[in-house]
Amino acid sequence: MTTDIWTTALISQIDGSSPFEARSPLLDAKVMMVDDDPLMTDLVQTYLEEEGYTNFVFTNDSSAALEMLRREKPGVLLLDLMMPKVSGFELLEAMRRKHEFRYTPVIVLTASTGGDSKLRALKLGATDFLAKPVDASELVLRVRNTLAFQQYHNRMINFDLVTGLPNERLFERSVDGMLARSPPKEGLLALFIVAVPECRALRESIGRDAAEQLALTLSRRLERLAAQVAAQPAPGKSTDRNLCLARLNEGFGMVVDGFVDTEAVEAMARLVMAALSTPTMLGSHEVVPVPWIGIALAPGDGGDVAALRHSAELAAAHGRLRGTAQYAFASPDLNAKSYRRLTLGAQLRGAAQRGELRLHYQPKVDLKTGEIVGVEALVRWQHPDHGLMPPLSFIPLAEELGLMGGIGQWVLERACRDAAGWAAAGLGAVSVAVNVSKLQLMSGDLCSVVRQAMLDSGLAGPQLVIEFTESMLMDDVPACLALMHELKGLGVTLSIDDFGTGYSSLAYLKTFPLDELKIDRSFVIDLPGEPTDTAVVRTVIELGHRLGMRLTAEGVETEAQRDCLKQFGCDHYQGYLFSKPIPAEQFEALLQQWLATPRGSIADS
């Protein structure tokens, strides 16, 4: 099987055997010697071979040493200092100027006992010294220790300390090597990026030890799978299958070649999902990993590891947005969409500070009097390139990026200032409704933010309406109940938005200190003709009134809908029949027009 040395060692660990049981891996390391004395190189070769070091190369021509280094790439170099043509000092200096030899261990051979030569060699990057004439035991000891330290150093910079898998650095080098060795005619090469969010969640909730234990458990499962896959030659390939497995951030990376078609790649993705999704016990906690797998294929999705990995990570993020354990292939359309989201997300972070957010207000009208009794504040984004963007174009992205706390606070503060300004201008005590996001609800500081917004604006408590959704309140009923009572202590009005679309219990409905129920537009749109919606709306209105709440219908677009709601005893409505959401200055003009017009004529017109 054609694999890198770490893959061979990795697979041997899985099946319980070791390719190095009979001899130390250090004995297979290449030792190179540069010395102008043939007797010295023969003697050192004899000493080393007697101890099992059979991979020995040398040159007695120092002028050819640099080219030999490039060709042989030894694990350690034994270097004489005093040589004709090119001295050991000159060769050492030339080596350290080359990136590929900058860290190659060099044991200097010298007959000099003076400190100047050693100090000069140390400054040029020598690793150790060996005095001439060479003692066999000392030679073997210094070579062994130098190789052991070099192996330890290589492991520290190339392998993950928790799982023992190759890390990002070694993975990318291995993938580039596989790309160079895998002709397109011999099948597809697939790179899998496997995100496991439970690793991060455990680290943040229980602690690092639990997260590392989960990562170790999952890595062992993937190792067993990798061993099975690598042991099966790829169909139609002239050589055996190449495979690399690595630990990357909070998940894993795997690249496998020799797939005959995308169906075979999908089958591999399902094997990975099955291996990782099995429930795992960590102490008293049962964890069920939910992996997101992104797949990039070479050469279609990229010609190097950077491009392939980028494509696969975008695909994994796409799977995450779906919210279930699954796999997704990279595609140009997906890349373009993700880039646009990335750009929008970066721009959205500073939108409030740059003054790009806007509030539009949709009036709430009394069904009996036609009076404007309130408004609902709805945020818009005045994007410098895309123009005025509606909430659905950026609010889901803001929620995903954790930006709703800042945006929600800006909406609350601005809405309070506007409503207080209308009252101060003599336009009436119009209430303003502000929707609260789940992030704000869970933040723990919602009450303090509301209190500060009211203090800064001078808005009276009853004029501020805080709107929740049903599903939001059901996530943690005791905590939400305590929060709502705290908000009621500030004098604010509480409302459930989009009532009927969630899953709230009537028992909880009577427990929450609510002032208003808002009937979702999905029940209003088919009024008055649809019997089921008619029955639901009538029942909700009667129920809300019996619980002492006001009822507001959303999405009213026709006079027939308005008249039906009025007949059922609904208190308020909002919708395009009266007004679409409009900027603050337009709403202020609408208020002024209403005050100057006989009551009810606007609503009935």
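Which residue in S2 does Val34 stand opposite? In this predicted model, Val34 faces Thr59 of S2. The two residues belong to a parallel pairing, in which strand S1 (residues 31–34) and S2 are joined over four bridges.

**The sheet**

Strands of a sheet pair through backbone hydrogen bonds, either parallel or antiparallel. Here, five strands form an open sheet with parallel pairing, and their order is S2-S1-S3-S4-S5. Strand S2 (56–59) and strand S5 (128–131) are the edge strands, each pairing on one side only. On average, neighbouring strands of this sheet are turned by 20 degrees against each other, direction ignored. Helix H4 (residues 88–97) packs on the sheet and touches S1, strand S3 (76–80) and strand S4 (106–110). The direction of H4 makes about 150 degrees with that of S3.

**The helix pair H8 and H9**

Two packed helices are described by the angle between their axes and the distance between the axes. Helix H8 (residues 197–205) and helix H9 (residues 208–230) pack at about 160 degrees, with their axes 6 Å apart. Angles over 145 degrees count as roughly antiparallel, and H8 and H9 are therefore roughly antiparallel to each other. The crossing of H8 past H9 is right-handed.

The residues that meet in this contact are listed by helix below.

| Helix | Residues in the contact |
|---|---|
| H8 | Glu198, Cys199, Leu202, Arg203 |
| H9 | Arg208, Ala210, Ala211, Leu214, Ala215 |

By class, the contact of H8 with H9 comprises six nonpolar, no polar and three charged residues.

Conventions. Residues numbered from 1 in each chain as written. Predicted model: local features only at pLDDT ≥ 70, side-chain atom pairs only at ≥ 80, totals over all residues. Heavy atoms only, no water. Pairing = 2+ DSSP bridges. Axes fitted to C-alpha atoms, helices over the stretch in contact; angles between N-to-C directions. Contact = heavy atoms within 4.5 Å. Parallel < 35°, antiparallel > 145°, perpendicular 65-115°, else oblique. Left-handed = near helix turned anticlockwise from the far one by under 90°. Nonpolar A, V, L, I, M, F, W, Y, C, P; charged D, E, K, R; others polar.
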